[in-house]
Amino acid sequence: MLRCGGSVLRGLRGEICVVRGAMRGETRSQKTHSAGQEASQKTPLYEFHRSHGGKMVEFAGWSMPVQYQESHIESHMHTRKHCSLFDVSHMLQTKVLGKDRVKFIESLLVGDIAELKENQGTLSLFTNDKGGIIDDLIVTNTSDGYLYVVSNAGCAQKDSALMQNKLKEFKAAGQDVGVEIMDNALLALQGPSMPLVLQEGVSDDLRKLPFMMSAVMSVFGVPGCRVTRCGYTGEDGVEISVPAKQAVQLAEALLKNKQVKLSGLAARDSLRLEAGLCLYGNDIDDKTTPVEASLVWTLGKRRRALMDFPGASIIVPQIKGNVGRKRVGLISTGPPVRQHTPILNSEGNVIGEVTSGCPSPCLKQNIAMGYVEAGYSKVGTPIRVEVRKKPVDAVIRKMPFVATHYYTVK
């Protein structure tokens, strides 16, 4: 998915840099107060992280592990070669219930939720009347009579308010719909070894669970877990919604396999950037349209034809028309580029700005994404980036930077 808040990324040379934005998510958990101020919220795995050497940082209002005893680069590469366990319990998990639930959720987002099969999910976008992206989220049409929605931690308050305000409208009109915030924890097991690791603890055949499909099952003895084949790394993986009181039990069970290591926000950020995935608050926001963000594929064909989603009168004409800027990937030489780095043409004129950037652990090159004037968005276009007030050569590059490995049934 795509994210909001503030994350910390450790570069190849070991330096710490702050990246504004947020990764997906949030679960309702503990809040502590000190000296009259509200402290960071804690996931059900907070003490677990500390006991395993997690270095905790403030992230989107939550205390989250940025990394553990291994370096950021070691953790990143372990995920690519084996598999890693991430705590993403800060993400907002919501149930939308009632016979009018599809109509309700479609009044807020751009996707075709009505066409989803049972237990199939899709990435979609909440949009505003001006076509801007309020948040990105995954919606799953469960076989249990509700929609399962996972959205960003940093956007939790505005997402909840958006749904509650729309709920009042629907209730006033006599519609049958309800919204319920879930208390579950959320664990992401990501990497090529995931199927072998997880299959040991489930009776369901994971070969029959393709990308973006979901099922409820017992996982290593913990009943009632929703396992969805998705993630934020570009690798094969799952996100497991687990009852909060049994989250530590499940995490400990997964860690018994030597293929599994804990990983934190730093690796998660560089992994998602290599996969070309957006970070809400950095790469997309409420002033960015899906067309500008190169996310046209999230717009359902039926929805485009009906133009019945927020901002459709602005977004749909952009698909065949012209937009002033486009989100692109780029590779640069010299020092790493970071958010807000100016992008220049060959004449030295500013044509855009970097929104996310880091050294790629896999490619050993500087990668970034950002927005440029549409005329410069073609892959292969030579450009420059201004690093430390000096122009550095770069080129527009197709994303993902590193091939993704999402699982499909053959």
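This is a conversation about how a few descriptions of this predicted model are reached.

Mentor: Welcome! The model is predicted, so local features need pLDDT of at least 70, side-chain atom pairs count only at pLDDT 80 or more, and totals for chains, interfaces and linings use all residues. Residues are numbered from 1 along each chain as its sequence is written, and side-chain values use heavy atoms, with hydrogens and water left out.

Trainee: Why is Ser124 called buried?

Mentor: Buried means under 20% relative accessible area, exposed over 50%, and partly exposed in between, with a 1.4 Å probe and protein chains only. Ser124 has a relative accessible area of 0%, so Ser124 is buried. You will find Ser124 in strand β10, residues 120-127; strands are DSSP runs of E with at least two residues, helices are runs of H or I with at least four, and both are numbered from the N terminus.

Trainee: Which residues is Ser124 in contact with, beyond its neighbours within four places in sequence?

Mentor: They are Leu109, Val110, Gly111, Asp135, Asp136 and Leu137, where contact means heavy atoms within 4.5 Å. The side chain of Ser124 also reaches the backbone nitrogen of Gly111 at 3.1 Å.

Trainee: What makes Arg388 count as exposed?

Mentor: Its relative accessibility is 66%, which is over 50%, so Arg388 counts as exposed. Arg388 is in the loop between β23 (382-387) and β24, and its phi is near 55 degrees, a positive value in a residue other than glycine.

Trainee: And how do you know whether Lys389 is buried or exposed?

Mentor: The value for Lys389 is 76%, again over 50%, so Lys389 counts as exposed. Lys389 also has a positive phi, about 65 degrees, although it is not a glycine.

Trainee: Why is α2 called oblique to α7?

Mentor: The axes of α2 (residues 72-81) and α7 come within 9 Å and cross at roughly 55 degrees. Angles under 35 degrees count as roughly parallel, over 145 as roughly antiparallel, 65 to 115 as roughly perpendicular and the rest as oblique, so α2 is oblique to α7. The contact is made by His72, Ser75, His76, Thr79 and Arg80 of α2 and Ala266, Ala267, Ser270, Leu271 and Glu274 of α7.

Technical notes. A polar contact is a pair of N or O atoms within 3.5 Å; within protein, one must be able to donate a hydrogen and the other to accept it, and residues adjacent in sequence count only if both atoms are side-chain atoms. Axes are lines fitted to C-alpha atoms, for helices over the stretch in contact, and angles run from 0 to 180 degrees between N-to-C directions.
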